[in-house]
Every structure is written in structure tokens, then in C-alpha cells.
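User: Hi! Could you walk me through this protein in plain words? I'm new to this.

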Amino acid sequence: MVGGQASQDAMFWSLNPDRGSTRDAVGLRLRGGAQFNDYFAVEGHLGTGGSDGEADLDYIAGAYAKGIVSVAPDIRLYGLAGFTEGDI
């Protein structure tokens, strides 16, 4: 399967600082990617929103390489490796 994809979803996030109370909220995440062959794809994520008192999620952005292994005709396992950056 070769092609592209785009989606959006609710993103639940949590901040657990070394000192102070835990903060959590829900934001919006947009995801997009392209699959180049049966074994390799790339994905990008952008998210924002959500506030819990003093903690506001300004943005989150990530880029990932995706390895795919077919274990049955309609079942595939995958793993993501990449980075994420955010600003709270």
C-alpha cells in the first residue's frame, strides 16, 4: 500500500513538573503522512490548545519515521521514531 493520509483528533496532554501540581487538558492535533512502500512511511503532527490554569499548550510539533511489518494479510505492526517539540 502506497499513499498519503491526513487526520485530526483530540490530544490529551499532561504536564508533571518536578515541583508543583500536575496539569492536564485536551487540545487538537492534526496528523499527516505518506507511505512510500509496504515497509516505510513518514508522519508529521501539529497540535495546539488546551489550558489548565497556569499551563497553556501553545503548540506541539513532531516528525517521525514509521517502520511497518505485515504479520497477516490485514494486520500490520508499526513503530515510530522521531522527535517532538512543544511550548507550554
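**Salt bridges and strands**

Analyst: Happy to! Arg29 counts as partly exposed, at 21% relative accessibility; buried means under 20% relative accessible area, exposed over 50%, and partly exposed in between (1.4 Å probe, protein chains only). One caution: this is a predicted model, where local features need pLDDT of at least 70, side-chain atom pairs count only at pLDDT 80 or more, and totals for chains, interfaces and linings use all residues. Residues are numbered from 1 along each chain as its sequence is written, and side-chain values use heavy atoms, with hydrogens and water left out.

User: How many salt bridges does the count come to?

Analyst: The count comes to 3. One of them joins Lys66 and Glu43, with the closest N and O atoms 3.2 Å apart. Lys66 lies in strand S6 and Glu43 in strand S3, so this pair ties together parts that are 23 residues apart in sequence.

User: Is Glu43 buried or exposed?

Analyst: Glu43 is buried, with a relative accessible area of 11%. Lys66 is buried too, at 17%.

User: How do S3 and S6 pair?

Analyst: S3 and S6 (residues 59-72) pair in the antiparallel sense over 8 bridges; pairing needs at least two bridges found by DSSP between two strands. In this pairing, Gly44 stands opposite Ala63 in S6. S6 also pairs with strand S7 (residues 75-87), again antiparallel, over 13 bridges. S6 and S7 form a hairpin with 2 residues between them.

User: New topic: which residues are in the largest nonpolar core?

Analyst: That core has 5 residues: Met11, Trp13, Ala25, Ala55 and Leu57. A nonpolar core is a set of buried Ala, Val, Leu, Ile, Met, Phe, Trp, Tyr and Cys residues joined through side-chain atoms within 4.5 Å.

User: What does Trp13 touch?

Analyst: Not counting residues up to four places away in sequence, Trp13 touches several residues, including Arg23, Gly50 and Ile88. Contact means heavy atoms within 4.5 Å.

Notes: Helix = DSSP H or I, 4+ residues; strand = E, 2+ residues; numbered from the N terminus. Salt bridge = Lys/Arg side-chain N within 4 Å of Asp/Glu carboxyl O.
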